[in-house]
Amino acid sequence: MSEGTRRRLRLLLRDGAIVAGLIVFLVWTLAPIVWMLLTSVLPHRALISRPPDVDPALFTWKNIQGVMEDRSALVDSFVNSAIVAVATTSLALALGSLAAYAIARLSVPGGNKLMLMVLATQMFPGIVLIIPMFIVLSRARLIDTHIGLVVVYLSFVLPVVMWILKGFFESIPAEIERAAMVDGASTMQTYRLVVLPMSLPPLFAAGVFAFIESWNEFFYAVILTRTNVKTVPIRISEFSGQYRTSFGEMIAAAMIASIPVIVMAIIFRKYILLGFSEGAVKG
Amino acid sequence: MTEFRSVPTLADRRRRMGYLLVTPAMLVLVLVVLVPILRSIVYSFQRVRPEGGRFQANWVWFDNYRFMGSDPAVRRALRNTVFFTVGEVVLVIGIALGVALLLDHPFGRFGAFRIILLIPWAIAPVANAVLWEWILNGSYGVLNAVLLRLGLISHYKIWLGDANLALRMVLLADVWKSVPFIALLLLAGLQNIPRYLYRAAKLDGANAWQRFRFVTLPSLRTPLTLAIILQTIWAIKVFDLIYVLTKGGPGDRTLMANFLAYRVTFNYLDFGYGAALANAIFLAMLILSIIYIKVLKPGAPRSRQAP
């Protein structure tokens with residue numbers, strides 16, 4: 001074999017290994033998702049045969065319809081989750097953007113130390129917070145209410161929002177604000193008319209993070225909900241471990257609950273990836 | 001004599017405004033984070049039980065912490081948590097690094113790959129748990145069907161009911177869900193490595209392994225440290241999967257620290273002991289993070305752009 005052929009062979013082998021690696025990656029990542037999609041459109045009979053009878057002729061909407069129509073089920077919990085997630089997100093954005101702006105721009109003494117303390121709170125496992133919060137909320141009769149959930153969710157959403165926004169506010173050139181002030185704008189006017197309009201992308205990114213985190217939250221919801229404000233994750237978990245589980249409906253419910261978040265993650269992936277590289281790697 | 005009235009300067013006014021804007025957020029964080037943390041330290045030295053609809057608290061000082069030493073559930077939870085955390089960190093970081101390297105290669109730079117990677121990350125943790133409960137089902141699960149077809153097992157296995165397999169299966173489900181985030185984190189780190197470093201290493205005659213070992217890995221030190229710390233914390237905190245898949249069973253073989261603290265507090269209603277366990281979990285995470293930082297010494301990350 002000549003030197004050239006050996007070299008070409010080696011390159012071919014290397015390319016082959018990378019393609020093989022990508023295929024393994026695709027199968028590993030996609031197989032559970034594909035099975036989720038298939039399960040949600042297969043009838044119960046096909047799912048409980050061994051092996052499962054994956055025949056496109058059997059595809060049906062019955063699982064999905066069943067989950068959506070069932071009076072008790074998913075629809076109520078969608079409303080609860082939407083209320084809690086939207087309220088948490090708006091409060092976190094309102095409070096967090098003002099605080100982040102103040103720390104990034106208005107030279108609050110000790111602002112950076114404050115931000116580190118805010119970050120440090122994220123080290124605490126939820127169980128540390130929720131034991132006293134449960135006692136306080138049950139004294140205030142706020143167990144099983146939207147307010148109770150929103151209050152607790154702010155504990156992990158607000159710090160993240162503050163960190164994302166502070167990083168962005170620091171990157172705005174100070175000249176822009178100075179120009180606004182020379183034109184006679186007050187601090188609040190500068191913030192509202194100059195800084196906020198520039199900050200829509202990071203506000204969106206922070207909002208998406210906040211929404212996804214509150215929509216998916218399960219641990220606090222298990223502890224703080226009883227019957228009135230069951231959120232989507234609680235409903236999903238109730239499908240499992242039922243005496244007679246309809247696997248198709250269980251998986252259809254899990255799929256439907258995940259769709260809003262997956263769609264948001266894909267639409268806003270640029271911001272999420274930006275958040276990763278800016279916030280996580282450099283911060 | 002004329003009195004000087006001090007006129008607030010612009011800087012004064014901005015600082016005053018700053019205080020005003022910071023206060024609401026800080027007030028909320030004090031109320032929902034700081035106060036509860038302090039309360040739970042106090043509770044851990046008390047016996048706190050709901051009696052007749054009211055919470056009664058009595059000081060027992062170190063009794064809760066002393067009881068941990070003799071509680072067999074704590075020992076089981078500790079063993080399971082250590083196994084799970086080590087397995088999770090090693091597998092997730094290893095697989096995620098592989099995925100990140102693949103997606104950084106010219107063949108892997110299709111946007112579609114990154115979108116695919118986002119899906120397991122975005123799926124609600126509970127939806128993920130339910131999905132794996134179905135995949136691992138002992139009677140109709142697709143894992144059984146596939147492995148049987150491939151001849152790797154001779155009969156259907158009850159994955160989650162088997163004392164020796166259950167924890168590994170929970171680990172599998174959690175690794176699948178956790179790889180994407182860490183892979184994206186490491187991918188962002190890879191893309192920050194200046195290409196000229198590779199060209200320089202090539203000129204110096206470094207082969208592919210040497211380039212990985214002496215250029216890629218050192219440049220990834222900060223994101224890798226972050227990934228290891230985050231993944232450790234998440235592994236110790238795992239709850240949703242245990243709650244849906246096994247509730248700690250069979251026979252406490254998948255009982256983990258966080259689930260134990262939950263069970264003690266909200267099933268056995270022993271709030272004081274639960275708080276003590278919760279604080280012990282926090283201490284363990286804190287100590288591990290400090291050790292990681294001391295050992296791995298993350299530096300200031302290199303940036304592609306000029307500062």
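Biologist: What should I know about the numbering and the confidence limits?

Modeller: Residues are numbered from 1 along each chain as its sequence is written, and chains are lettered from A and ligands numbered from 1 in the order in which they are written. Side-chain values use heavy atoms, leaving out hydrogens and water, and in this predicted model local features need pLDDT of at least 70, side-chain atom pairs count only at pLDDT 80 or more, and totals for chains, interfaces and linings use all residues.

Biologist: How many residues of chain B are in contact with chain A?

Modeller: Contact means heavy atoms within 4.5 Å. On the chain A side, 88 residues take part, and on the chain B side the count is 94.

Biologist: What percentage of the area buried between chain A and chain B comes from carbon and sulfur atoms?

Modeller: Buried area is the accessible area (1.4 Å probe) that two parts lose on being put together, summed over both. For chain A and chain B that area is about 8,300 Å². The carbon and sulfur share is 83%.

Biologist: Which helix gives the largest share of the side of chain A that touches chain B?

Modeller: Helices (H or I, at least four residues) and strands (E, at least two) are DSSP runs, numbered from the N terminus. The largest share is 15 residues, from residues 3-40 of chain A, helix α1.

Biologist: How many residues on that side of chain A are charged?

Modeller: Ala, Val, Leu, Ile, Met, Phe, Trp, Tyr, Cys and Pro count as nonpolar, Asp, Glu, Lys and Arg as charged, and the others, Gly among them, as polar. The side divides into 65 nonpolar and 16 polar residues, and the charged ones number seven.

Biologist: What separates B:R15 and B:D12 in helix α1 of chain B?

Modeller: B:R15 forms a salt bridge with B:D12, the closest N and O atoms being 3.8 Å apart. B:R15 is partly exposed at 31%, and B:D12 is partly exposed at 30%. Since they are three residues apart in the helix (residues 10-43), the separation is about one helical turn.

Biologist: Which residues does B:T81 touch, not counting residues up to four places away in sequence?

Modeller: B:T81 lies in helix α3 (residues 72-104) of chain B. Its relative accessibility is 8%, so B:T81 counts as buried. The residues touched are B:I236, B:M256 and B:A257.

Biologist: How many residues of helix α5 of chain B are buried?

Modeller: The helix covers residues 125-135. Among its buried residues are B:W132, B:E133 and B:W134. The count is 10 of 11.

Key
Buried means under 20% relative accessible area, exposed over 50%, partly exposed in between (1.4 Å probe, protein chains only). A salt bridge is a side-chain nitrogen of Lys or Arg within 4 Å of a carboxyl oxygen of Asp or Glu.
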